[in-house]
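Please examine the fold below, first through its helix packing and then through its sheet.

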Amino acid sequence: MDSGRNSVTGTAVEGHMKEHLEEDAYIQEEQTRKELGARAAEDEAQAPTGPQKFQHGFWDPEVAHLRAIYMKILGMTVVLLVCAMWICFSVYWGSLGEIAQHVPNLKGLIINRDGTDGALGQAIVAAFEANSRGEGVAPNAHLTWAVVDSASFSTNEDLAHAVVEEEAWAAVVVNSAATSLLTSARSSGNKSYDPRTAITFYYNQGRNEIAANSFIVPYTTALLQSTLTSFNARINAELFASLASNAGQNSQQALASIAQAPQTVSQPFSFTPVNLRPYTKTASQAVLLVGQIYIIVISFIITMTHDFARGVISPFLRFNSYAKMRVLVPLTLYIPISFGYAMVNLPFKLTFGAKYSYAGGFFLFWVFVYMGMAGLGLATEAMITLLTPRFVAYFLIALIIFNVSVASVPIALQPGFYRWGYGFPVFNLAEAIRTIIFNTKNKMGLNAGVLVVWIVVSLITVPLFTWLTRRKDEMAERKRVAEDKAVDA
């Protein structure tokens, strides 16, 4: 019985002790929970309260520091844009602002085939020489005319060829025996006499339609009309004075002849304008100027897209592989894009067959568009490396304006500052396109050379700038790895 009592007593003691232990554990757990809760509340009270997403107005104090950054970015953008406008827009405005003051830079040729005794030839030469000196016209409202011996161009076809080959912007020729032909027509009553055969005026509209339409044709036509009006009135007066002083049978015969050929009196002399290279398609303006702005913009889109895409893989590439990718990928992308640009022009009937076959002209057009796109596009590819996507748009503004400034009007009509335009892509691309679609002077070898130089320069600068930025990135990565190792140690 004692042993049974002892076992019951031991069991009761053990149960009692277990209850005390569980109670102590519960109390300790509660104390720990309270301490942690108090510490968390204390930490939460001490932690700074930051802005919460989607919870604030623009002028809330909680977003004051973010608002300052926002305003700073916009303010700097305005400052940079104003500076870009002052620099770049001034260049463009200047390229157009004084073109009328430089019209005397346009050279013209005068040839007198009327002979030393030809009154018409002498009158035309004297009038054009006076015009070159600015006599009788507004300041600078004239071309500069050079009198050339007829032996220099034995035929009018040779003279026309000289205008096409850009030896002069225009040429005026008093045709052979013009004065004696009028005298003969009056005396014989030649009904077939055509006053317009006396003088021929050659010009080349396809070389530059603005220069031709705004200055060359209006100024030359006005000079010829005023000169011929005065000269025709004078020789008519001399004719009728002669008839009046010699009344008789001869006078009656002369009047009868004049009656048979009244044009010999109503308009004794006139002229024939010959547009050697007509500006035949208004759609040509799209590819000569505005379309080239589109080429720059399209190339820039490729540059921005490539910058975003290569960020995925570039950190894992060796420099040689990365540099090749930077150059070869854009050059490859320009192929289908330039071909698509060329194809757009086919429905609008551009005269690709003016100089070569239609297919050959189209192929050359595509090749030059590709070279222009490569020269302009790789330039932005190089500069985005230095300027980063944040600031490369300012380079784009300069690239467009400096190219367009020298392509809209002849550089000869611009101040000497703009002579750099001869070495820019858009000017040379426009010249090559004019040769293809208007059959103007062939300078495509020079034009292609300038475009290739731009491409080659970019083929050097893109890897160079890439190496500089890659070197900086590698140094930053090595520094980061060293700092991580130091922390782990």
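Axes here are lines fitted to C-alpha atoms, taken for helices over the stretch in contact, and angles run from 0 to 180 degrees between N-to-C directions. Helices (H or I, at least four residues) and strands (E, at least two) are DSSP runs, numbered from the N terminus. The model is predicted, with local features requiring pLDDT of at least 70 and side-chain atom pairs counting only at pLDDT 80 or more, whereas totals for chains, interfaces and linings use all residues. Residues are numbered from 1 along each chain as its sequence is written, and side-chain values use heavy atoms, with hydrogens and water left out.

Helix α9 (residues 284–310) packs against helix α12 (residues 425–438) at about 145°, the axes being 10 Å apart. From α9, Ser284, Val287, Leu288, Gln292, Ile295 and Ile296 make the contact (heavy atoms within 4.5 Å); from α12, Val426, Leu429, Ala430, Ile433, Arg434, Ile437 and Phe438 do so. These residues comprise 10 nonpolar, 2 polar and 1 charged, where Ala, Val, Leu, Ile, Met, Phe, Trp, Tyr, Cys and Pro count as nonpolar, Asp, Glu, Lys and Arg as charged, and the others, Gly among them, as polar.

The buried residues of α13 (under 20% relative accessible area, with a 1.4 Å probe and protein chains only) include Met444, Leu451, Phe465 and Arg470. The end C-alpha atoms of α13 (residues 444–488) are 65 Å apart, which agrees with the 66 Å that its 45 residues should span at 1.5 Å a residue; the expected span is 1.5 Å times one less than the number of residues.

The sheet is open, with 5 strands in the order β2-β1-β3-β4-β5 and mixed pairing; two strands pair if DSSP finds at least two bridges between them. Because β2 (144–148) and β5 (271–275) each have a single partner strand, one side of each is left without a neighbour in the sheet. Strand β1 (residues 107–112) pairs with β2 in the parallel sense over 5 bridges.

Strands β3 and β4 run antiparallel, joined by 5 bridges, one of which links valine 173 to threonine 200 in β4. On its other pairing, β4 is parallel to β5 over 5 bridges. Since 5 of the 5 residues of β4 are buried, this strand is largely enclosed by the rest of the structure. Ile199, Phe201 and Tyr203 point one way from β4, and Thr200 and Tyr202 point the other way.

Conventions: Buried means under 20% relative accessible area, exposed over 50%, partly exposed in between (1.4 Å probe, protein chains only).
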